[in-house]
Amino acid sequence: MKILSPMLLAAAVSVSAAVPSAAFAAEDQKETFSITINDKLGKGDVYGEIITTVKYDQEEYLITKKLKIARRDSKGREIWKVQDFVNECPVDTTLQLVRPINLTDFDENGLKEVWLVYKMACRGDVSPAKMKIIMYEGKNKYAMRGNMKLPIEAAEAMSPDDGAHTADENLKKSEFFDNAEYIWKHHEVESYDY
């Protein structure tokens, strides 16, 4: 069984805040990242963006964050995509990668496993964010979802659901399950440092 070591967690991903376009308000922003990929499906990239839109409505700011990550072939056509969002949140809004996109080939079949780990929340209290681990091998999707744990300072506010997570059936039955559990345990305590 192969498990991803912490040393391999840092993939070559560039993250940059794009200059807001004229269509965006001053508070709006777009963050992009990409990584080159080459395997039996061909050469291309895994491209991602997180777009934050702020609108002012009836004396409050509503923040929408949209995440899109897609594998594209050499001609820019999408092979698969992951989309998620936090819509019109009036309080603390979170939607971000917990770690860089990571590529592996544990089963050595020539198809890269693309690992995405992100958290999301709309909260005005001390509550954990949701975390998702999405992995694609070729065009096959595997997923684990659940709640993060709060940092130790907020431990007294923990609920029984903190850290609870479930894996899709195809992930439970796969050779990738142990690595997904390892990733979950490594990132389940929410950090506010990123």
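**Strand pairing and cross-links**

A: I134 has A143 as its bridge partner in β10. The model is a predicted one, and this bridge belongs to the pairing of strand β9 (residues 130-137) with strand β10 (residues 140-147), which is antiparallel and extends over eight bridges. Two residues lie between these strands in the hairpin, and one of the hairpin's residues, G138, adopts a positive phi near 65 degrees.

β10 also pairs with strand β11 (residues 165-167), again in the antiparallel sense, through three bridges. Here M144 has A167 of β11 as its bridge partner.

The structure contains one disulfide, formed by C89 and C122, whose sulfur atoms are 2.1 Å apart. This pair links distant parts of the chain, since C89 belongs to strand β5 (residues 78-89) and C122 to strand β8 (residues 113-123), 33 residues apart. The link of C89 and C122 is right-handed, with 90 degrees about the S-S bond. As for the setting of each cysteine, C89 counts as buried because its relative accessibility is 0%, whereas C122 is partly exposed because its relative accessible area is 42%.

Side-chain contacts complete the account. T104 is located in strand β7 (residues 102-104) and counts as buried because its relative accessibility is 8%. The T104 side chain makes a polar contact with the side chain of E113 at 2.5 Å, and another with the side chain of W115 at 2.9 Å.

Note on methods
Residues numbered from 1 in each chain as written. Predicted model: local features only at pLDDT ≥ 70, side-chain atom pairs only at ≥ 80, totals over all residues. Heavy atoms only, no water. Helix = DSSP H or I, 4+ residues; strand = E, 2+ residues; numbered from the N terminus. Buried < 20%, exposed > 50% of the residue type's maximum accessible area, 1.4 Å probe, protein only. Polar contact = N/O pair within 3.5 Å; in protein donor to acceptor, adjacent residues only side chain to side chain. Pairing = 2+ DSSP bridges. Disulfide = S-S within 2.5 Å.
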